[in-house]
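Work through the following exercises with the sequence and the structure side by side. Try each task before reading its solution.

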Amino acid sequence: MQSEDALAGTLADVPFTSLLEAIAVSTRTGVLRIGDGSEIYFSDGKIYLAKNSSSPAVQSVLFGAGVATTDEIDELMVSRSGAVVDELAGRSPEAADVLDRLLHEYNLTALFELIVPSDHSFEFENGAEHAIGARFAEPVAELVTQAQRRLDIWKEIAARIPATNIVFRLAGELPGGTEERLVTSDEWRYLALLDGRRSVADVITTTGESAFRVCSLFYRLLLEEVIVEK
């Protein structure tokens with residue numbers, strides 16, 4: 001690290017979580033750019049957008065709120081700098097909560113992947129802003145804690161689902177003589193895709209969900225013996 005105004009170095013020398021905490025403490029506003037193409041936007045030390053090289057376009061996430069077309073969102077990204085989520089949240093009472101949830105998951109997924117140690121370079125650009133705006137900015141400590149918790153869970157999941165090319169199918173019968181089991185709508189969305197041919201990777205692609213979310217659900221269903229590997 002250099003002076004308070006200049007923040008640059010490599011993640012081999014400054015651990016990623018320590019870097020985020022330093023930015024939070026200094027209440028910086030700007031963007032942290034990492035050598036692999038990742039970007040994390042801060043407002044007064046809080047994170048409001050995090051994306052890495054594998055993150056989908058944030059426009060596709062905003063579209064999930066169901067209050068604007070992709071063309072409208074693209075136009076807002078150009079014309080409403082710093083106020084896109086404000087505009088979308090104002091279109092319906094439910095939109096704000098949905099956008100908050102979607103962006104939280106988007107940011108958490110990116111941080112979960114970035115938290116793995118690396119030696120990439122980094123540089124902080126003071127004052128830089130993203131067009132979506134900082135309405136849903138979250139404290140660094142909360143996001144880092146959740147990302148680290150996911151990393152611990154992921155290690156357990158990887159022991160049972162070591163690769164996404166695995167194909168699952170429904171078990172022939174419910175385990176332990178169970179006569180019935182309530183299937184949630186969320187579970188059904190994934191179970192309906194298990195046709196004996198689709199892999200975990202196919203389910204991830206089809207649903208557009210993160211690998212963590214899909215594998216977490218399959219892991220739980222594996223433990224309950226509702227599904228088995230083909």
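**Exercise 1.** How many bridges join β3 to strand β4 (residues 46-51), and do these strands run parallel or antiparallel?

*Solution.* Before starting, note that this is a predicted model, in which local features need pLDDT of at least 70 and side-chain atom pairs count only at pLDDT 80 or more, while totals for chains, interfaces and linings use all residues. Residues are numbered from 1 along each chain as its sequence is written, and side-chain values use heavy atoms, with hydrogens and water left out.

Step 1: Five bridges join β3 to β4, and the two strands run antiparallel; strands (E, at least two residues) and helices (H or I, at least four) are DSSP runs numbered from the N terminus, and two strands pair if DSSP finds at least two bridges between them.
Step 2: Look for a partner pair, and you find that Ile40 has Ala50 in β4 as its bridge partner.
Step 3: Turn to the connection, where β3 and β4 form a hairpin with two residues between them, and Asp44 in this turn has a positive phi of about 50°.

**Exercise 2.** Which residues of helix α3 (residues 70-79) are buried, and what do they pack against?

*Solution.* Step 1: The buried residues of α3 are Ile73, Leu76 and Met77.
Step 1: Seen down the axis of α3, these buried residues fall within an arc of 105°, so they line one face of the helix; the arc is that of the directions from the helix axis to the C-beta atoms.
Step 2: On the other side of α3, Asp71, Glu75 and Val78 are exposed.
Step 3: The buried residues of α3 pack against α2 (58-63) and α4 (84-89), where contact means heavy atoms within 4.5 Å.

**Exercise 3.** Where does Thr27 lie?

*Solution.* Thr27 lies in the loop between α1 (16-25) and β2 (30-34), and Thr27 has a positive phi of about 50° although it is not a glycine.

Definitions and conventions. Buried < 20%, exposed > 50% of the residue type's maximum accessible area, 1.4 Å probe, protein only.
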